[in-house]
Amino acid sequence: MNTVSILLLAFVLSVTGLFVFIWSLRRNFFDPNPAAAREIFSTGEVGRVDDPSATPEQHQALQQEMGEPAQRSASVQQALDSELVERIEADRSSAYVAFMFLACSVIWLIVASTAGLISSIKLHEPDFLAQHAWMTFGRMRTLHLNGVAYGWAPMAAFGVAMWMLPRLLKTPLMGARYAIAGGVLWNIGLVAGLTSIAVGVNDGMEWLEIPWQIDILLVIGGALLAFPLVFTLQNRKAHHLYVSVWYMGAALFWFPILFLVGNLPSVHIGVEQATMNWWFGHNVLGLFYTPMALASVYYFMPKIIGRPISSYNLSLIGFWGLAFFYGQVGGHHLIGGPVPGWMVTLSIVQSMMMIIPVLAFTINLQFTMKGHFRTLVYSPTLRFIVLGGFMYTISSIQGSFEALRSINTITHFTHFTVAHAHIGLYGFFTIVMFGAIYYIMPRVMSWEWPFPKLISLHFWLVAIGFTIYAVGLSIGGWLQGMYMLDAAKSFMDSVTVTMPYLQSRSIGGGLMTLGHLVFAFHFVAMALRYGSRRVGPALFHQPAVASK
């Protein structure tokens, strides 16, 4: 079979599958009841805003912006009280597990941020902290990558998922002990893996540097974390599986498979190893971090504004589009490499097809928030969630066009690619996780955030810092690529032109790290219940509900 036939067949299969799915939605095969979009709301909750990170004044202004809700009848109020008692039981079942993962995520965030800032400074000050081998750029940058990829990011995602599952399925979390065991194994493996990297022992593949002998702990830990999903699904009381369950369920099952295949010893050799490397590297972003963050956006955004998502069918199109098109996009990182041309071309085609699910999400986000963007002034959590959602659109569209050979020729092997990766993993995933944690922790601790102004400070530090970081590296990377393509310029010219932008990267990274320290301090203060206590209007305390 020739290259054209393979590409045409892949394209036809993907498009046919997507249109069959769209047709099934139109025929109501998957969702006979459009009320699925309201599944995350209890009786009488639609129209009432909910943001536990907001001050009482912010909450009141947020409610006024969304419009006063309809009055509840006595029967509706009674039904709501009953459902809130069940919700509290669900929250209590997941509180300890969620807190364990979120606490670990904050620790790894600080560790990874520190390593990232140090490695950034080394790019323009190479003698900075060069006295010890483990602090050289090669090891420090790898510690940063693995600290983010297997520390902060999955710990935050698992914590959010374990808290959301019982809420989405309207039943207590089942199998929490498996999640705890999985989390313990994961963190033991991560500590061992980072130590191995620090002393110079690693597998030599980006995103897969941790030795495979240690990776076994992460595979087992990741597999154990899928058990609560299975057990809780079996005991669900929800009438519909809300789209967030689809995203989280897929992510929790996709990751162990990806990680296991990527780390099989003595299987991936030579060119095939490079192909597998970018198959894993891209898929862990698109099939684990991305669906976990999208699940969070689809839950927290409508909950905060008290309004169901604009189109439930669009949300499912986004999910299946991601599943259909994302699997082969990593190959565009091998343009110009010794790999079959059809494989690279297939990756480019799949990368462009990813525009479909991205537009589905973007349209849904826009129409859900339409007429209510002023709520971002009042809701701290919503600022993070909506900003992260828009970053998903930017990073995904940018990634699709970056896969084209004409653009890839310039951006490949430059700092532009680094900026793009951070727009996705930081601008999208991390920003959304911040917003989710600000919503979840008051429910976990039965305690409001003690210093609301620190939330605002955190937001502006990371937003301004990341803007400096991403814009600077994008401009510097593009110039770097142009210089490398100019035969009249030496390689050192392409290095020299990036210096001001590498310095701006460190400035932006420094602001982001400062924001992370503010976030970590606020998290610890809340965990210790330090500071003045606020009585938030959206916080459900067990005694208050029991007394009704």
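Which handedness does the crossing of α3 and α4 have, left or right? Keep that in mind as you load the model, which is a predicted one.

**Stop one: α3 and α4**

Select residues 74-124 for helix α3 and residues 137-169 for helix α4. Their axes sit 7 Å apart, and the packing angle is about 165 degrees. Angles over 145 degrees count as roughly antiparallel, so α3 runs roughly antiparallel to α4. As for the opening question, the crossing of α3 and α4 is left-handed. Now colour the residues where α3 meets α4 by class: you'll get 24 nonpolar, nine polar and five charged.

**Stop two: α9 and α14**

Next, pick out helix α9, residues 271-305, together with helix α14, residues 380-402. Here the axes lie 10 Å apart and the helices pack at about 135 degrees. That angle makes α9 oblique to α14. Turn the view and you'll find another crossing to check: α9 and α14 cross in a left-handed way.

**Stop three: α10 and α12**

Hide those and bring up helix α10 (residues 312-325) with helix α12 (residues 355-369). The two axes come within 8 Å and cross at roughly 160 degrees. So α10 is roughly antiparallel to α12, and the crossing of α10 and α12 is left-handed.

For the contact itself, select these:

- from α10: Leu314, Ser315, Ile317, Gly318, Gly321, Leu322 and Phe325
- from α12: Ile356, Pro357, Ala360, Ile363 and Asn364

Sorted by class, the α10 and α12 contact holds eight nonpolar residues, four polar ones and no charged ones. Gly318 and Gly321 of α10 are among the residues making this contact, and Gly is counted as polar in that tally.

**Last stop: the cavity**

How many cavities of 30 Å³ or more does the structure hold? There is one. The largest cavity has about 50 Å³ of space in it.

To find this cavity, select its lining: His332, His333, Glu402, Asn408, Thr411, His412, Thr417 and His420. Two elements, α15 (405-411) and α16 (415-445), each give two or more residues to that lining. Which classes do the lining residues of the largest cavity fall into? Seven are polar, one is charged and none is nonpolar.

Note on methods: Residues numbered from 1 in each chain as written. Predicted model: local features only at pLDDT ≥ 70, side-chain atom pairs only at ≥ 80, totals over all residues. Heavy atoms only, no water. Axes fitted to C-alpha atoms, helices over the stretch in contact; angles between N-to-C directions. Helix = DSSP H or I, 4+ residues; strand = E, 2+ residues; numbered from the N terminus. Parallel < 35°, antiparallel > 145°, perpendicular 65-115°, else oblique. Left-handed = near helix turned anticlockwise from the far one by under 90°. Contact = heavy atoms within 4.5 Å. 1 Å grid on protein atoms, 1.4 Å probe; cavity = no way out; pocket = protein on both sides within 12 Å on 5 of 7 lines; lining within 4 Å. Points joined across faces, edges and corners; volume = space filled by probe spheres on them.
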